[in-house]
Amino acid sequence: MCHYAMTRYKLHFACVPCRVSFKRHFAGDREQPCPNCGRALVCAGHDFAPPPRRDAAAWAAVSAVLAAGLRYEGLEPCGCGRRPRYRPRTRADVRARRIVAARTGLTAAEALARRDPLTPEAD
């Protein structure tokens, strides 16, 4: 039995306009408001490592990933997998994956989730 399946861990929630992150328990379909601006927080997943608040370029990459509907999770949803899934960390990585998506017909989420945008990954 999985050790991590026995505990309810908090998820990371991010407010991209404020460039802040909070850990909270998942509240189902109820929106969690940002304490700074009042906008709804976006669930970023268990393995989200927020960039520094002053790093606008890294937050732009986070914004693109979260807008595509992706979350920062490991290979196993329970937390057993120590290898997190790939997510782009710079604007250049995001731009390259968007270009590949436009040329090959992939969705933005599929292109952003690949370590190498031209090669499909096997889980």
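Student: Among the elements of the protein, which has the lowest mean pLDDT and which the highest?
Tutor: This is a predicted model, in which local features need pLDDT of at least 70, side-chain atom pairs count only at pLDDT 80 or more, and totals for chains, interfaces and linings use all residues. Residues are numbered from 1 along each chain as its sequence is written, and side-chain values use heavy atoms, with hydrogens and water left out. pLDDT is the predictor's confidence in each residue, from 0 to 100. Among the elements, the lowest mean, 89, belongs to helix α3 (residues 108-112), and the highest, 93, to α1.

Student: What is the mean pLDDT of the protein?
Tutor: Start with the share of residues: 85% reach 70 or more. The mean over the protein is 84.

Student: What pattern does the protein follow along the sequence?
Tutor: Helices are DSSP runs of H or I with at least four residues, strands are E runs of at least two, and both are numbered from the N terminus. The protein has three helices and three strands. Read along the sequence, the pattern is β-β-β-α-α-α.

Student: What is the strand order in the open sheet?
Tutor: Two strands pair if DSSP finds at least two bridges between them. Five bridges join β1 to β2, and three join β1 (residues 11-15) to β3. The edge strands, each pairing on one side only, are β2 (20-24) and β3 (42-45). With antiparallel pairing, the order is β2-β1-β3.

Student: Which residue in β3 is the bridge partner of His12?
Tutor: β1 has bridges to both other strands. Towards β2, Ala14 has Ser21 as its partner. Towards β3, the partner of His12 is Gly45.

Student: Which residue in the hairpin of β1 and β2 takes a positive phi?
Tutor: Look between the two strands, where the hairpin has four residues. The phi in question is near 60°. The residue is Arg19.

Student: At what angle do the axes of α1 and α2 cross?
Tutor: Two packed helices are described by the angle between their axes and the distance between the axes. Axes are lines fitted to C-alpha atoms, for helices over the stretch in contact, and angles run from 0 to 180 degrees between N-to-C directions. The axes of α1 (residues 56-67) and α2 (residues 91-104) come within 8 Å. They cross at roughly 35°.

Student: Which residues in α2 do the alanines of α1 meet?
Tutor: Contact means heavy atoms within 4.5 Å. On the α1 side, the residues are Ala57, Ala60, Ala61 and Ala64. On the α2 side, they are Arg91, Val94 and Arg98.

Student: Which members of the largest nonpolar core touch the most other members?
Tutor: A nonpolar core is a set of buried Ala, Val, Leu, Ile, Met, Phe, Trp, Tyr and Cys residues joined through side-chain atoms within 4.5 Å. This core has 13 residues, and α1 gives the most to it, with six. The members touching the most others are Phe48, Val62, Leu66 and Tyr72.

Student: Which residues does Leu66 contact, leaving aside neighbours within four places in sequence?
Tutor: Leu66 belongs to the largest core. Its contacts include Tyr72, another member.

Student: Is Asp116 buried, partly exposed or exposed?
Tutor: Asp116 lies in the segment after α3. Buried means under 20% relative accessible area, exposed over 50%, and partly exposed in between (1.4 Å probe, protein chains only). Asp116 has 38%, so the residue is partly exposed.
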